[in-house]
Amino acid sequence: MSVSHTDAGKILVAEDSLVIRTVVCDQLQDEGYEIVEAVDGESALRLCSAERPDAILLDIEMPGLDGHEVLVQLKADDELSSIPVVFLTGRTGTDDMVAGLRAGAHDYLRKPFEPAELLARVGGAVRIKRLQDELQLRNEQLDKLSRVDGLTGLHNRRHMDEQLEKELSTGVRHGQPLAVLLLDIDRFKLVNDVEGHPAGDRVLQEFAARVLSVVRVGDVVGRWGGEEFVVIAPHTDRPGALRLAERIRAAVADETMDVGDHRIPVTVSIGCVVGLGPAAGLLADADAALYRSKDEGRNRVTAA
Ligand SMILES: [Mg+2]
């Protein structure tokens, strides 16, 4: 999503009276707004989906779907609910206006209105829409950042926890077991102690790259913390999980890793589990299998 501030904005004008519509559109066009015209409620909804305006001027009294009904449908649509609506009403009472604001209208204009008031209300609505768009964009960027491990670029634990829950419910729906692989780099503390932390970081990065190079499309790889990593492999049976784990083990062990001015051997121990149980149980089983791999000499794969 991109947020552009160079144009004045796009306004949907939904008004069944040709006279009022023409006046409103002319005034907005003179201010540089791009205009989309709707002659009734049904076309207003349709054009809203198709054109994604920055604000909607919505007449309340229209044949067919009236303004209130259009507003209800807009607010029920996740894609359209954030577009500010400014009601146009010819009624003199406040009931209509209060009901509209309660239902989520941003503002209202009572006919007849001065051009300056029209422009002020529309300008306010467009500003709100722009601020909302910017906020949403920043939230999306923050959310993305909060799910990435800074050193390796892999998903972090928070994302993997959520991903595991998601994949488990998908797996349950389709009756397809998934595999969870826990990976722990062998004697990693020694790398940090002997080679220094910058070398340790290089090993973590190279390790991540090698794992990524051998997993399959659909497998999700994340850093669980420290030198521990996790792979979620959907639709995977036990033989498939063992093959995947063995490919990872070999990709790490078969070639030494560059730590600056020399290369060092690196190996990984892996525990894997296949099933559809609760996440905590699967992870505990994978962890127990991982520790068997460690106990039995490291650089190996154990299935729970
Ligand atoms: Mg009307």
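A: We may, beginning with a definition: domain bounds come from an automatic or database domain assignment. The model is predicted. In this case the protein is divided into domain 1 (10-140) and domain 2 (157-303).

Q: How many Å apart do the C-alpha centres of domain 1 and domain 2 lie?

A: The C-alpha centres of domain 1 and domain 2 are 53 Å apart.

Q: How is the packing of two helices described?

A: Two packed helices are described by the angle between their axes and the distance between the axes. The axes of helix 7 and helix 8 come within 6 Å and cross at roughly 140°. Helix 7 is therefore oblique to helix 8, since only angles over 145 degrees count as roughly antiparallel.

Q: Which residues of helix 7 and helix 8 meet?

A: From helix 7, Phe188, Val191, Asn192 and Glu195 meet His197, Ala199, Gly200 and Val203 of helix 8. Sorted by class, this contact has 4 nonpolar, 3 polar and 1 charged residues.

Q: How is burial read, and is Met62 buried or exposed?

A: A residue is buried if 20 or more other C-beta atoms lie within 10 Å of its own, and exposed if 12 or fewer do. Met62 has 24 other C-beta atoms within 10 Å and is therefore buried. Met62 lies in the loop between strand 3 (55-59) and helix 3 (67-75). Leaving aside residues up to four places away in sequence, Met62 touches Asp16, Asp40, Gly41 and Gly67. Met62 and Gly41 are 21 residues apart in sequence, with a C-alpha to C-alpha distance of 7.0 Å.

Q: Where is Trp224 placed, and why does Trp224 count as it does in terms of burial?

A: Trp224 is in strand 7 (residues 220-225). Trp224 counts as buried because it has 20 C-beta neighbours inside 10 Å. Its contacts, not counting residues up to four places away in sequence, are Arg157, Met160, Phe229 and Val230. The C-alpha atoms of Trp224 and Leu183 are separated by 9.0 Å, although these residues are 41 residues apart along the chain.

Q: Which backbone features deserve attention, beginning with the peptide bond from Lys111 to Pro112?

A: That peptide bond, from Lys111 to Pro112, is cis, with omega near -5°. Pro112 lies in the loop between strand 5 (107-110) and helix 5 (115-145). Phi is another angle to read: for Arg52 phi is near 45°, a positive value in a residue other than glycine. Arg52 is in the loop between helix 2 (41-51) and strand 3, and is partly exposed, with 13 other C-beta atoms within 10 Å. Phi of Arg187 is near 45°; Arg187 is in the loop between strand 6 (178-185) and helix 7.

Conventions: Residues are numbered from 1 along each chain as its sequence is written. This is a predicted model: local features need pLDDT of at least 70, side-chain atom pairs count only at pLDDT 80 or more; totals for chains, interfaces and linings use all residues. Helices (H or I, at least four residues) and strands (E, at least two) are DSSP runs, numbered from the N terminus. Two residues are in contact if their C-beta atoms, placed from the backbone, lie within 7 Å. Axes are lines fitted to C-alpha atoms, for helices over the stretch in contact, and angles run from 0 to 180 degrees between N-to-C directions. Angles under 35 degrees count as roughly parallel, over 145 as roughly antiparallel, 65 to 115 as roughly perpendicular and the rest as oblique. Ala, Val, Leu, Ile, Met, Phe, Trp, Tyr, Cys and Pro count as nonpolar, Asp, Glu, Lys and Arg as charged, and the others, Gly among them, as polar.
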